[in-house]
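Let's take a walk through a protein fold together.

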Amino acid sequence: MKFALAFSAVAALGAALLGPAAPVSAQETKVAIGFSGWTGFAPLTLAKEAGIFKKNGLDVTLTKIPQKDRHLALASGAIQCAATTVETWIVWNAAGVAAKQIFQLDKSYGADGMVVRNAIGSIKELKGKTVAASAPGTAPYFTLAWFLKKNGLSVKDVTVVNLEPGPAAQAFLAGQNDAAMTYEPYLSSVRGKPDAGKIIATTLDYPMIMDTFGCTPKFLDDNQKVAKALADSYFEAVAMIEKEPAKSYEIMGADVKQTGDQFASSAKYLRWQDKAANQKFFSGDILTFSEEAANLLLEVGIIKSKPDIKTIIDTRFIQ
């Protein structure tokens with residue numbers, strides 16, 4: 001609590017120095033962002049396509065980069081900011097790629113999960129079985145480790161076959177592997193074929209998938225008003241979804257070749273986070289979760305040392 005209060009005071013001071021939201025300059029500032037077609041990141045697309053970034057003085061380039069490569073793009077300077085899961089920032093910083101989270105994008109409410117064969121009655125029964133999941137250091141692999149840990153197992157108790165979420169679901173439906181880690185819309189493909197298997201757990205059972213937006217420390221220090229404009233633009237996009245859902249879903253769905261109705265269906269399994277939710281999350285929840293996540297990442301050998309969590313968070317831009 002003492003830390004939270006001190007943190008809030010520093011953040012409030014930072015916000016006062018940054019001033020109210022306004023175009024950052026007469027000339028738009030260029031910012032390159034790495035993300036993916038994940039539904040939770042879609043308000044970034046909306047902010048660009050609906051002209052919100054431009055209104056706030058930003059010339060944003062959104063580039064889809066696989067999660068396993070996004071930190072390399074940050075390190076090379078090809079992008080200045082990125083979207084990814086909270087624990088991934090721990091992995092990147094532990095690997096020497098310095099980056100700070102500045103606002104939360106979304107929380108998964110059942111959008112990520114594990115599918116198993118119908119004969120498997122519990123996660124504990126996966127011992128000795130084969131599970132398809134993305135490579136170590138990615139969110140699906142971390143989700144697998146988290147689910148197993150909560151059921152008294154570890155990734156050493158199963159054979160992991162590295163497949164990305166889409167191919168993992170497709171292979172499972174084709175009869176390969178005993179289980180798979182995947183997310184929407186692929187998770188629903190298993191829902192549609194109950195003979196192939198079942199969803200045994202999702203982030204409704206284990207609420208541990210949360211996405212945040214972050215940038216390199218140098219970019220944040222050199223471009224504080226730009227960072228504030230990025231955060232404000234995201235919150236404006238979330239507000240637009242609330243006010244004009246049909247139009248927003250059409251714009252966001254078009255980016256991933258879905259209709260507005262299809263996109264709205266996939267969005268049912270997550271919650272985008274507004275400014276108030278961000279302020280609550282960054283005042284405590286992120287620290288609690290990150291400590292537990294870092295300990296698990298150490299335990300399964302994804303990281304060799306744990307970064308100071310307080311140094312990979314910057315709350316100046318959500319005040």
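Keep in mind that this is a predicted model. Let's begin with a helix and its surroundings. The buried residues of helix α12 have a cover that includes α2 (42-49), α11 (245-255) and β11 (270-272). Which residues of α12 (residues 260-267) are buried? They are G260, F263, S266 and A267, and here "buried" means under 20% relative accessible area. Now look down the axis of α12: its buried residues fall within an arc of 125 degrees, so they line one face of the helix.

Next, turn to a sheet. A quick reminder first: the strands of a sheet pair through backbone hydrogen bonds, either parallel or antiparallel. In this model you'll find an open sheet of 5 strands, and if you read across it the order is β7-β6-β8-β5-β9, with mixed pairing. As you step from one strand to the next, the twist averages 30 degrees.

Zoom in on one pair from that sheet. Strands β6 (residues 130-133) and β8 (residues 179-183) pair in the parallel sense, over 2 bridges. If you pick out V131, its bridge partner in β8 is A179.

Helix α6 (residues 139-149) touches β5 (112-116), β6, β7, β8 and β9, and its direction makes about 125 degrees with that of β8. Then there's helix α7 (residues 165-173), which lies across β5, β6 and β8 and runs at about 135 degrees to β8.

Note on methods:
Residues numbered from 1 in each chain as written. Predicted model: local features only at pLDDT ≥ 70, side-chain atom pairs only at ≥ 80, totals over all residues. Heavy atoms only, no water. Pairing = 2+ DSSP bridges. Helix = DSSP H or I, 4+ residues; strand = E, 2+ residues; numbered from the N terminus. Axes fitted to C-alpha atoms, helices over the stretch in contact; angles between N-to-C directions. Contact = heavy atoms within 4.5 Å. Buried < 20%, exposed > 50% of the residue type's maximum accessible area, 1.4 Å probe, protein only. Arc of directions from axis to C-beta.
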